[in-house]
Amino acid sequence: YTKVGLIGAMVEEIELFHEHMKEVTEHEKAGITYWEGTFQGKPVVLCRSGVGKVNAAVCTQILIDRFGVEAVVFTGVAGALDPSLEIGDIVISTECLQHDMDVRALGFERGVIPFAEASVFPADPGLSDKAYEVSESLFEGRTKRGRVLSGDQFIASRETVAELHRELNGACTEMEGASVAQVCHMNGVPFVILRSMSDKADGSAHINFPEFTKQASLHSYRIVEGLVGKI
Ligand code: ADE
């Protein structure tokens, strides 16, 4: 790909990229700032989408329309759902689903977008394979591939974790990935979501979220640093 879009939701998740980018020009659209330049010698457009699915969707569409990115990498932190994941471990998306899409009242299964052709959005296999290789070479035994769930909710209860893992087969949960995935799918643009675990979504996140977010963001940064050179 000649131009890659890099998205993070929060300052902590993108600041390392911002520090290491070169030849940067700044743009603004829809209240979101975009930094166009190079990273690891590759043309990239970095942006901080803000938290939640709507912000991430708008940001992704602008990256595609206005900046012409040919692939999208979302990087950041998530709450672990798979009980084998520890804080700092990494999830590379195989696919994404919106866990808060819920039209069960009309007979649709949980997570299904009514009348849509798809509700589960597969990540690009090539991007996903490469991200996994890089992640394993850096953090051996700490990377899982799996389904990333997204919803406009910070999950903070053991019951919800068990339910999301059991019913929707989520490896981790966050608030943007599946909307980025859907927008990429709608536009035929390849993507991968890369998440380091900042918490176990069990209600204890508030105690050390800032500290773990910093550590997890560093892991995500190092993987994307390795990945961008290979795509
Ligand atoms: N991002 C990081 N941790 C999260 C959680 N527990 N729920 C939703 N998004 C998150």
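Predicted model: local features only at pLDDT ≥ 70, side-chain atom pairs only at ≥ 80, totals over all residues.
The protein chain contains six helices and ten strands, and 46% of the 231 residues are buried. Of the contacts between residues at least 6 apart in sequence, 76% join residues at least 24 apart.

The shell around the ligand consists of Val 77, Ala 78, Gly 79, Phe 154, Ile 155, Thr 173, Glu 174, Met 175, Ser 198, Asp 199, Ala 201 and Ala 205. Two or more of these residues come from each of β5 (71-80), β9 (170-174) and β10 (191-199). Strand β5 provides the largest share, three residues. By residue class, the shell comprises seven nonpolar, three polar and two charged residues.

Helix α4 (residues 158-168) has Val 161, Leu 164 and His 165 as its buried residues. These residues lie on the same side of α4 because they cover an arc of only 95° around the axis. In general, an α-helix has 3.6 residues a turn, so residues three or four places apart point the same way. The buried residues of α4 pack against β8 (143-150) and β9, whereas Glu 159, Arg 166 and Glu 167 are exposed on the other side of the helix. Just after α4, Asn 169 adopts a positive phi of about 55°.

Terms used:
Residues numbered from 1 in each chain as written. Near = placed C-beta within 6 Å. Helix = DSSP H or I, 4+ residues; strand = E, 2+ residues; numbered from the N terminus. Nonpolar A, V, L, I, M, F, W, Y, C, P; charged D, E, K, R; others polar. Buried ≥ 20, exposed ≤ 12 C-beta atoms within 10 Å, placed from the backbone. Arc of directions from axis to C-beta. Contact = placed C-beta atoms within 7 Å.
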